[in-house]
Amino acid sequence: MTRTSKPNEDDAATRSKKLKRTGINTSVLACGTSNFLVEPLVTIDQAKEVYNYALDAGIDMIVTNTAYKVAEESLYSVIGQRRDEYSLSVGTDYRTARLDR
């Protein structure tokens, strides 16, 4: 896997928005974990290249799910050293809390 171009300021990844409930400002694009870390279709080195490229491009939201049991651990081994550069969104199949609106 080789990078074909460098991210630039016109890329969608550089656009961001503020999330309503948390107030976190994050990129409008996110990077998921299922194909790279759950059912490894790529090597760890390739996953490192993909996630580092995403972070370099300005994508600062990583999305995973509790169903992907090993994704969080794998993600830490891939880009854990850059943890302060991204938000991690963990979805679940169950809703146990009620939010007052």
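Strand E4 is mostly covered, with four of its five residues buried; buried here means under 20% relative accessible area, exposed over 50%, and partly exposed in between (1.4 Å probe, protein chains only). The structure is a predicted model, in which local features need pLDDT of at least 70, side-chain atom pairs count only at pLDDT 80 or more, and totals for chains, interfaces and linings use all residues. Residues are numbered from 1 along each chain as its sequence is written, and side-chain values use heavy atoms, with hydrogens and water left out.

**Overall fold**

- The protein chain contains three helices and five strands; helices (H or I, at least four residues) and strands (E, at least two) are DSSP runs, numbered from the N terminus.
- Read from the N terminus, the order of elements is β-β-β-α-α-β-α-β.
- Of the 101 residues in the protein chain, 27% are buried.
- The accessible surface of the protein chain is about 7,500 Å², and carbon and sulfur atoms account for 48% of this surface; accessible areas come from the Shrake-Rupley method with a 1.4 Å probe, and for residues only the protein chains shown count as cover.
- Among contacts between residues at least 6 apart in sequence, 69% join residues at least 24 apart, where contact means heavy atoms within 4.5 Å.

**The sheet around E4**

- Three strands form an open sheet in the order E3-E4-E5, with parallel pairing; two strands pair if DSSP finds at least two bridges between them.
- In general, strands of a sheet pair through backbone hydrogen bonds, either parallel or antiparallel.
- The edge strands of this sheet are E3 (31-32) and E5, each of which pairs on one side only.
- E3 and E4 are joined in the parallel sense by two bridges, and Gly32 has Val63 in E4 as its bridge partner.
- E4 (residues 61-65) and E5 also run parallel and are joined by five bridges.
- Helix H3 lies across E4 and E5 and runs at about 150° to E4; axes are lines fitted to C-alpha atoms, for helices over the stretch in contact, and angles run from 0 to 180 degrees between N-to-C directions.

**Salt bridges at Arg82**

- The count comes to two salt bridges, a salt bridge being a side-chain nitrogen of Lys or Arg within 4 Å of a carboxyl oxygen of Asp or Glu.
- One of them joins Asp56 and Arg82, with the closest N and O atoms 3.0 Å apart.
- This pair links distant parts of the chain: Asp56 belongs to helix H2 (residues 44-57), while Arg82 lies in the loop between helix H3 (71-79) and strand E5 (87-91), 26 residues apart.
- Arg82 also forms a salt bridge with Glu85, at 2.7 Å from N to O.
- Through shared partners, these salt bridges join Asp56, Arg82 and Glu85 into one network.
- Asp56, by contrast, is partly exposed at 42% relative accessible area, and Glu85 is partly exposed at 36%.

**Glu85 and its surroundings**

- Glu85 is placed in the loop between H3 and E5.
- Apart from neighbours within four places in sequence, Glu85 is in contact with Leu55 and Asp60.
- Glu85 and Met61 are 24 residues apart in sequence, and their C-alpha atoms are 9.0 Å apart in space.

**Polar contacts of Asn52**

- Asn52 is found in helix H2 and is buried, with a relative accessible area of 16%.
- The side chains of Asn52 and Arg82 are joined by a polar contact of 2.8 Å; a polar contact is a pair of N or O atoms within 3.5 Å, and within protein one must be able to donate a hydrogen and the other to accept it, while residues adjacent in sequence count only if both atoms are side-chain atoms.
- A polar atom of the Asn52 side chain also lies 2.8 Å from the backbone oxygen of Lys48.
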